[in-house]
Amino acid sequence: MERVTRLVSQRAVVIFCKSTCCMSHTIKTLFYDLGVNPTVHELDKEPRAGKEIEKALIRLGCSPSVPAVFIGGELVGGAKEVMTLHLSSSLVPLLKQAGAIWL
């Protein structure tokens with residue numbers, strides 16, 4: 001849990017995902033298209049740490065565990081929550097507030 005807390009506090013947008021997950025790819029693409037440069041941790045490419053991080057994400061309430069998106073150090077949620085924010089025009093203001101985008 002400490003590792004997740006430390007990682008998400010270092011950047012405005014942090015995404016925990018798996019390289020083989022189509023929803024992870026979709027969420028990463030959305031952020032890139034919005035002009036965000038998120039820190040991406042692909043858990044399946046970090047064998048030992050990835051499993052520990054995934055367990056911590058589940059304890060935080062991420063279900064499924066990936067993708068898990070943190071903005072401004074706070075857990076936003078997974079693909080469903082991110083897309084809901086985007087469709088309600090709430091995602092961009094949140095990203096601006098966190099300093100992830102300026103325009």
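Here is a short walk through this predicted model, from its helices to its salt bridges, loops and surface. Local features are described at pLDDT of at least 70 and side-chain atom pairs at pLDDT 80 or more, while totals for chains, interfaces and linings use all residues. Residues are numbered from 1 along each chain as its sequence is written, and side-chain values use heavy atoms, with hydrogens and water left out.

Let's start with two helices. Helices (H or I, at least four residues) and strands (E, at least two) are DSSP runs, numbered from the N terminus. Helix H1 spans residues 2-9 and helix H3 spans residues 47-59; their axes come within 9 Å and cross at roughly 90°. The axes are lines fitted to C-alpha atoms, for helices over the stretch in contact, and the angles run from 0 to 180 degrees between N-to-C directions. This makes H1 roughly perpendicular to H3, because angles of 65 to 115 degrees count as roughly perpendicular, under 35 as roughly parallel, over 145 as roughly antiparallel and the rest as oblique. On the H1 side the contact (heavy atoms within 4.5 Å) is made by Arg3, Val4 and Leu7, and on the H3 side by Ala49, Ile53, Ala56 and Leu57.

Next, look at strand S2, residues 39-42, where you will find threonine 39. Threonine 39 counts as buried because its relative accessibility is 18%; buried means under 20% relative accessible area, exposed over 50%, and partly exposed in between (1.4 Å probe, protein chains only). Leaving aside residues up to four places away in sequence, threonine 39 touches Arg11, Val13, Val14 and Ile15.

A salt bridge here is a side-chain nitrogen of Lys or Arg within 4 Å of a carboxyl oxygen of Asp or Glu, and the whole structure holds 3 of them. Glutamate 42 pairs with lysine 28 at 2.9 Å, N to O. This pair links distant parts of the chain, with glutamate 42 in strand S2 and lysine 28 in helix H2, 14 residues apart. Glutamate 42 also forms a salt bridge with lysine 45, where the closest N and O atoms are 3.5 Å apart. Together, Lys28, Glu42 and Lys45 are linked in a network of salt bridges.

Another salt bridge joins glutamate 54 and lysine 18, with 3.2 Å between the closest N and O atoms. Glutamate 54 lies in helix H3, and lysine 18 lies 36 residues away in the loop between strand S1 (13-17) and helix H2 (22-33).

The backbone has some points worth a look too. Most residues other than glycine have a negative phi, and most peptide bonds are trans. The peptide bond from serine 63 to proline 64, however, is cis, with omega near 0°, and so is the bond joining valine 66 and proline 67, with omega about -5°. Serine 89 has a positive phi, near 60°, and is found in the loop between helix H4 (79-87) and helix H5 (91-98).

Finally, turn to leucine 75, in strand S4 (residues 74-77). Leucine 75 counts as partly exposed, at 34% relative accessibility.
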